[in-house]
Amino acid sequence: MEYSYSCRFRFFLACTVLVLCLSTRGARCQLTDDFYDYTCPDVYYIVQQHVFAAMRAETRMGASLLRLHFHDCFVNGCDGSILLDGTDGEKFALPNKNSVRGYEVIDAIKEDLEMMCPEVVSCADIVALAAGYGVLFSGGPYYDVLLGRRDGLVANQSRADNGLPAPFEPINSIINKFRDVGLDTTDVVVLSGAHTIGRARCALFSNRLATTTSSADPTLDATMAVNLQKLCAGGDGNQTTVLDITSADVFDNRYYQNLLKQKGLLSSDQGLFSSTDGIANTKALVQTYSANGDKFFWDFGRSMVKMGNISPLTGEAGQIRKNCRIVN
């Protein structure tokens, strides 16, 4: 009997979840793909509609919602704490300030869900679902977003400042930060592939450009370096350019193909292929994904499920916020 790709992928993810319950740090084995089937069955439709509308207005929003989920999960676990307002909030940490976007989309989804299913769907789950649809509507893989998270009560700005991987860091340092939250080297390379969509500010890659006292990063394509130099010259660091110069708005494996040609925008991207001091062989994985888009999609879904299981609050822990920006 033959199974379709979709059926086999869903079976694979089901097995993955079982393994993650045993191995992922902090996972409590209570997240499921049918958590709201009886309490708020229209949650998928509501989130889909809002993400689709937001991406129709601005294609980049798919990448922004994906990044929002990533930055939420790496600090305090996937608990929606990045959404909390306040001067000591995570959204005002250096890696997030003037950088992480999509808060208004989450607010709009929450407002509709509160009218339909009051105090049922958590903000953390909304972020996870929105990220999944951001990937899908960008041409990326479908993967089962496991649900059942509850919302955190506090933000952790210092952890956001120090725990989030930075684009300037050596690859071995980034690998260590992933390990701190239960992810491995393969997850580093796979989840970095999210940079196949989205944009980055000059402030995040200007360290690779020529200055009056130093030449451009030798692992950056010379023509690309000149073009980036022109873009960023005289600015305040907030000018942006695409992360993937070959297919900026399409979720595919060209990000990895760019790395083979020294056309990765961030040093943390190019370092996956060009670094010589990593503690694991990321270069081989880059080569694999550059040649096999199906494997990239498959592994990306697996790694997203794994990341979504970082220290979720479940059961009676936390709360279901009525407003994602403030605790009840």
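## A left-handed disulfide and its partners

In this predicted model, the disulfide between Cys123 and Cys324 is left-handed, with -95 degrees about the S-S bond. Cys123 sits in helix 5 and Cys324 in the segment after helix 13, so this link ties together parts that lie 201 residues apart in sequence. The two sulfur atoms are 2.1 Å apart, and both Cys123 and Cys324 are buried.

The count of disulfides comes to four. If you number the bonded cysteines of the chain in sequence order, they pair as 1-4, 2-3, 5-8, 6-7. Cys40 is joined to Cys117 with an S to S distance of 2.1 Å. The torsion about that S-S bond is about 75 degrees, so the disulfide of Cys40 and Cys117 is right-handed. This pair, too, links distant parts of the chain: Cys40 is in the loop between helix 1 (5–23) and helix 2 (43–57), while Cys117 is in the loop between helix 4 and helix 5, 77 residues apart. Both Cys40 and Cys117 are buried. Another disulfide is formed by Cys73 and Cys78, whose sulfur atoms are 2.0 Å apart; this link is right-handed, with 120 degrees about the S-S bond. Cys73 counts as buried because its relative accessibility is 0%, and Cys78 counts as buried at 1%.

## The chain as a whole

Stepping back, the secondary structure comes to 13 helices and two strands. The chain has 328 residues, and buried residues make up 52% of them. Among contacts between residues at least 6 apart in sequence, 76% join residues at least 24 apart. The chain exposes about 14,400 Å², and carbon and sulfur atoms supply 53% of that area.

As for confidence, the average pLDDT is 90, and 90% of the residues score at least 70. A stretch to treat separately is residues 1–28, where the pLDDT is below 50; in the model this stretch has 46 contacts beyond near neighbours in sequence.

The structure holds 12 salt bridges. One of them joins the side chains of Asp85 and Arg325, at 3.3 Å from N to O. Asp85 is partly exposed, with a relative accessible area of 35%, and Arg325 counts as partly exposed at 22%. Asp85 and Arg325 also belong to a network of salt bridges that includes Lys91 and Asp107.

Asp184 and Lys306 form another salt bridge, their closest N and O atoms being 3.2 Å apart. For a local example, look at Lys110 and Glu114, with their closest N and O atoms 2.9 Å apart in a salt bridge. Both residues lie in helix 4, four residues apart, about one turn of the helix, and both are buried.

## Positive phi in two loops

Asn76 has a positive phi of about 70 degrees although it is not a glycine. Asn76 is found in the loop between helix 3 (61–73) and helix 4 (103–116), where it is partly exposed, with a relative accessible area of 27%.

Glu119 also has a positive phi, near 55 degrees. Glu119 lies in the loop between helix 4 and helix 5 and is partly exposed, with a relative accessible area of 44%.

## A nonpolar patch at the surface

Finally, turn to the surface, where Leu153, Val154 and Val327 form a nonpolar patch with about 260 Å² of accessible area together. Val154 lies in the loop between helix 5 (123–136) and helix 6 (157–163). Val154 counts as exposed because its relative accessible area is 54%, and the cut-off for exposed is over 50%.

How values were computed
Residues are numbered from 1 along each chain as its sequence is written. This is a predicted model: local features need pLDDT of at least 70, side-chain atom pairs count only at pLDDT 80 or more; totals for chains, interfaces and linings use all residues. Side-chain values use heavy atoms; hydrogens and water are left out. Patches are made of residues with over 30% relative accessible area and no salt bridge: like charges are joined within 9 Å, nonpolar side chains (Val, Leu, Ile, Met, Phe, Trp, Tyr) within 5 Å. Accessible areas come from the Shrake-Rupley method with a 1.4 Å probe; for residues, only the protein chains shown count as cover. A salt bridge is a side-chain nitrogen of Lys or Arg within 4 Å of a carboxyl oxygen of Asp or Glu. Buried means under 20% relative accessible area, exposed over 50%, partly exposed in between (1.4 Å probe, protein chains only). pLDDT is the predictor's confidence in each residue, from 0 to 100. Contact means heavy atoms within 4.5 Å. A disulfide is a pair of cysteine sulfur atoms within 2.5 Å.
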